[in-house]
Amino acid sequence: MFGKYFFRKFLSFFVIVSMFFGVTSNYVMAASVTSFSVLLTREKAATLTNMTVTFTLPAGIDADETIILTFNNSTSIPVGLDFTDIDMKDDAVELTLAAAPAASTWGVVRTSSTVLTFTNGDTPIGNTSVIEIQIGTHATAGTTGDQQITNGSVGITTLTLSGTMGNPDITGIASMPIIDDDQVTVTATVNQTMTFDLDTSVADGETATPYSVALGTITTTDTRVSGSTDSINMIIAELDTNATGGAVVTVRNANGSNGLVSTSVPADNIGSADGAMVDGTENYGLCVISVTQTTGTLAKASPYNAGTCATNSETNDIQALTTTGENILNTTSAPIAGAHAEISVNAAISGVTVAHSDYTDTLTFIATGTF
Amino acid sequence: MTGTGGASTGNTNYGIYIVGASAVFSNTGTGTIHITANGGGVTNSDSDYGLYVNTGAVISTVNGNLTVIGTGGGAGSGTTQLGVRVSTTSSTIKATGDGNISVTGTGGNANGSGGSNYGVYCSVANCIQKTTSTGTITVTGTGGNNGTGSGANNIGIYTNSGSITGAGGAMTINGTGGSSSGSSNDGIRVTASGGAITNTGSGTISITSVAGGDTNSSTNYGLFVQNAGVISTVNGDLTIVSTGGGAGSGINNFGVFVSGGASTIKTTGSGNISLTGIRGGGSTSNNYGLDIAVANAIQTTVSGNITVIVDTILLNEADDINSIGNLTIRPYTASTTIDVGTGSSTLQLTTAYLGNITWGTSSTLTIGGTGAGHVTINTTSTILNKNVTILTGGNITLQNTAFAHAGASAATLNLLAYGNITTTSAITASTSALTININADYDANASGAISIGAGVASNAGVITITGGGGTISTTSAFDNLTINIGSNTITLGAALNITGGLTISAGTLDVGNGLNYAVTVGGSWSNAGTFTARAGTVTLNSATTATVGGGPTTFYNLTITHTAAKEVNFSTNALHIIHITNIFTVTGSSGNEIKLYSTSAATKWHIHPTGTSSVSYADVKDGGCESGSISIYASTSINSGNNESCWSFAGSITFSLSSNSINLGTLSTGSASSGSHTLSAITNAAGGFAISYLATTLTNQQAGSYTIPVYTSSASSPGTAGFGINLKDNATPNVGAEPVVNSGTCGIASGYGTADAYTFVASTSTTITSVSAPANCVYTASYVTNISSVTAAGNYSTTITYIATGTF
């Protein structure tokens, strides 16, 4: 009686155990990580790359357990790669790495040219944790990495995740495409452009050549200046260029400091010197009334950027003219579009200025781009 | 009856003389007749016959035995002292019922000088005959001139246009030439048209003939069939043991000599011929065991086999030996060496001789026997176009010349030796298949060794090493190979290449200790013996469907590969485990995955890899895993189901760019510049894939501070500088294409999925696709740029790195 009862009990226990664990099983199926990806910075064969390995654990990792990363396809982990070249995060929280595990520190060892082994210290990692492992120069936690893995051959590289982590062991495999060239070089050309135009007009506007400024009759009480008051043209300079160094505009005259020279008696002239125009004081020169532009910056070049200058003003601060030329405008070393400058011509005489009706001078403007 | 001739010096002193058609000695019923007749004559008397049956005389019984003993007489220079003579006009000695006939004739003139003393002389048809199939004929003839005799032509039995005929009963013919010092003392001579020894039905003929001649006697043939002489049976076996005579400096003392006219030894039914030709004494030169100088000298015409047993042979005519069945040529004397072709052995079957023999189309030529000495094969002969067996108690060496099969029909070559078998020349097969069996342990005492040093090809036949260990040291390809060598071992001396299958039925195939020669098999692998892999590699590489099994095999490296589709079916036997201790490699190709299936669908096969694996483009089904197996990652492979956990089919991902450069040309403020290329990505990753890019914007290469500003979901606007990309079919400008969806869903990330709207994020890795499940997509990346009037002149470029990442 006891024997039959014991047998029934034993049988029941056996059945229960069998149902729970299974009686015949060659294998305990390994658990696989999920969302397993390996992001490279380069996928070209035989090329250095940073690597970001991400996966979600199906089970926790206990103390002393290992994560083994194994590459194939001739992938090469440099000999010098160590824990300083690797960052590891658990749910975005940096873990401490070292050459050997201790307490909450994971040990990281380059086991071979294709294998990295991570060994947990004594701090378990929980189930469903997202593990991110950065390998390469982007591993900046602590010491910034200076070693990178070299991709293998053209084809598919697999990263096999194994080790003792989890129970049953956690495994995973992710693939990476390795291609002959992962880069596209985009090229284009922008041709050089530069346009320069002069006009002479009392008001802003396009005029035809020849460009001229007639100063009229100058008296000691009437300094002649561009503008509507005296109906004297101003000189308008227009400039466009995509020169990387921008452009400058220079001006020179035919007579230098002699300024306006009588054609009939060349020894007689109205000199040109820096300074403010004053009735009764002989002088002749230019100043820049205004500079504008659509894009970029058109500037009055030194020394034309000093003093005052306006249309109809008989007291403008002018600059002496030279035969060698002097910068009058620039684009601040950059391309410019729609550059527009208005330049005032000023002339005054003194009481001893010899009367002639043929005082004249020739101004030459040059725009130079730096490409 | 007993008769004795007189002792006269005159001639023709017969013991008994019966002559004329009315002369009859007969008995009926079971009555017997016994005749003893002794010729007389003295001094130089001629023609003193013991018994002379002449001119139609008859001696006969029915069911009773008929016995005749005749002894010639004579002496000195007297000639033609015949023991028994039967001649002319239907004279005969016969039994017409069950009675046996025994005729014994002994030539006379012992010690004399007169020749032609025949034991039995027959010169009329049916001189000795049986007319029924019951009862036997025994004829024993001994030539005269014995002792110190010196005459010639002392023939034991001489049928000269006469015949001894049976009708189905056994016939025994024993002829012994006289021991004279004269020449031509044949044991038996059958000559001239009508000269014959024949039997019918299933009657056999057994001929034992020994030529005579001593001192320096020449041309003493054991059996001489000459000038249209015939020895034949129908269904009964014809057995001849014939020894040449002669001595001293005598020459041409042949065991058997067949010459002239239509002379032949034959069977015309199912009877077999066994001919033993023993060369005579005297000079060894030209003393052949068998000399044939006429076509069809030895022949079977219906189904009989021929066995020729000789130490030396001379075959001068085409079809000298013509067997409708099997033909065997082997030495008479043990350990006699044999040449098949060129050589210096005793039994020389020269290439020319081999051209003068023939045998049945589906029958076999056997050269040698278990008592034969070493055999050397070196011939251009075409004998291998039909079945050939080389058999020896010694060694077989194939050298210098390829042994070639080029017959229209399949054939078999057996190389069977008690000793070693060595090949330094190839065995070739063309036109049809050749089955090749190589057995260097034919006596099953493990003493023979095989050394294969040249190619062996069977043209889709079967190559089997059936006995003996040894080496295979040729890299020439076998078209298949079976090793069935008991407990012996074949060791490789070179890489083994087999275009067909390899079967190890018994014994060991060793790739060489420290040598580790590769084994390449184009067909199936069956190992019921032992394969010693050491550190070698076995490659299964053909396109044909192959099986792997026969028993368990431990490989070191196992590689299965081919560029075309291929199926390998593994045995489902639980004991037939495929162990791989180092590298398991399977390399198929896209669309041509190598199928790794079992021989019985839904039943698992068994693998046990313990090293590493490299498996790509495989199609795996029913893959069972033995305990301790590593995880086999089958990349880019198909899981056809029922695979155990050592198989891993993690997803694959492929990625490609159609171009690595885009030249947007010379930019203009008046119109946009554009270009495109494709990005192809395929993955079976559960989480799909993401394609990202990383680059600066277009940058002036002369002045790096100048760049093209990037678009952000912007339209192209000529005259306004901007640079961007998208993955759409655009109209403004006309560039790009919609994604090609080969499978799955090919989504596009925000900013890149609206036509005519472009985006570029400089210097930050940015994802441009949105694919969250397995997919096969081809995107067209369009590049669009515009410049303004102040876009700095120069060359602009950027290098964009594209990355595809699967989420598995």
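Chain B has one helix and 77 strands in its secondary structure. This is a predicted model, so please keep that in mind throughout. Chain B has 808 residues, and 62% of them count as buried. Take the contacts in chain B between residues at least 6 apart in sequence: 66% of these join residues at least 24 apart.

Now chain A. How many helices and strands are there in chain A? There are one helix and 29 strands. Chain A has 371 residues, of which 43% count as buried. For contacts in chain A between residues at least 6 apart in sequence, the share that joins residues at least 24 apart is 73%.

Next, the place where the two chains touch. Chain A puts 47 residues into the contact, and chain B puts in 59 residues. On the chain A side, five elements each supply at least two residues: strand 2 (34-40), strand 13 (155-162), strand 14 (170-178), strand 15 (183-190) and strand 27 (336-348). Which strand of chain A gives the most to that side? Strand 15 of chain A does, with eight residues. Sorted by class, the side of chain A that touches chain B has 22 nonpolar residues, 20 polar residues and five charged residues.

One is an open sheet of four strands in the order 24-26-19-29, with antiparallel pairing. Strand 24 (299-300) and strand 29 (363-369) of chain A are at the edges; each has a single partner strand, so one side of each has no neighbour in the sheet. Within this order, strand 19 of chain A, residues 247-253, and strand 26 of chain A, residues 326-330, pair in the antiparallel sense over four bridges. As an example, A:Thr250 has A:Asn327 as its bridge partner in strand 26 of chain A.

The other sheet is open too, with three strands of chain A in the order 21-20-28 and antiparallel pairing. Here strand 21 (269-270) and strand 28 (359-360) of chain A stand at the edges, and because each has a single partner strand, one side of each is left without a neighbour in the sheet. Strand 20 of chain A, residues 260-262, is joined to strand 28 of chain A by two bridges, and the two run antiparallel. A:Ser262 has A:Tyr359 as its bridge partner in strand 28 of chain A.

Last, a single residue in chain B, B:Gly260. Where is B:Gly260 found? The residue sits in the loop between strand 23 (256-259) and strand 24 (264-267) of chain B. Why is B:Gly260 counted as partly exposed? B:Gly260 has 16 other C-beta atoms within 10 Å, and a residue would need 20 or more to be buried, or 12 or fewer to be exposed. Leaving aside residues up to four places away in sequence, B:Gly260 touches B:Gln226, B:Asn227 and B:Val294. From B:Gly260 to B:Ile292 the separation is 32 residues in sequence and 9.3 Å in space, C-alpha to C-alpha.

Key:
Residues are numbered from 1 along each chain as its sequence is written. Chains are lettered from A and ligands numbered from 1 in the order in which they are written. This is a predicted model: local features need pLDDT of at least 70, side-chain atom pairs count only at pLDDT 80 or more; totals for chains, interfaces and linings use all residues. Two residues are in contact if their C-beta atoms, placed from the backbone, lie within 7 Å. Ala, Val, Leu, Ile, Met, Phe, Trp, Tyr, Cys and Pro count as nonpolar, Asp, Glu, Lys and Arg as charged, and the others, Gly among them, as polar. Two strands pair if DSSP finds at least two bridges between them.
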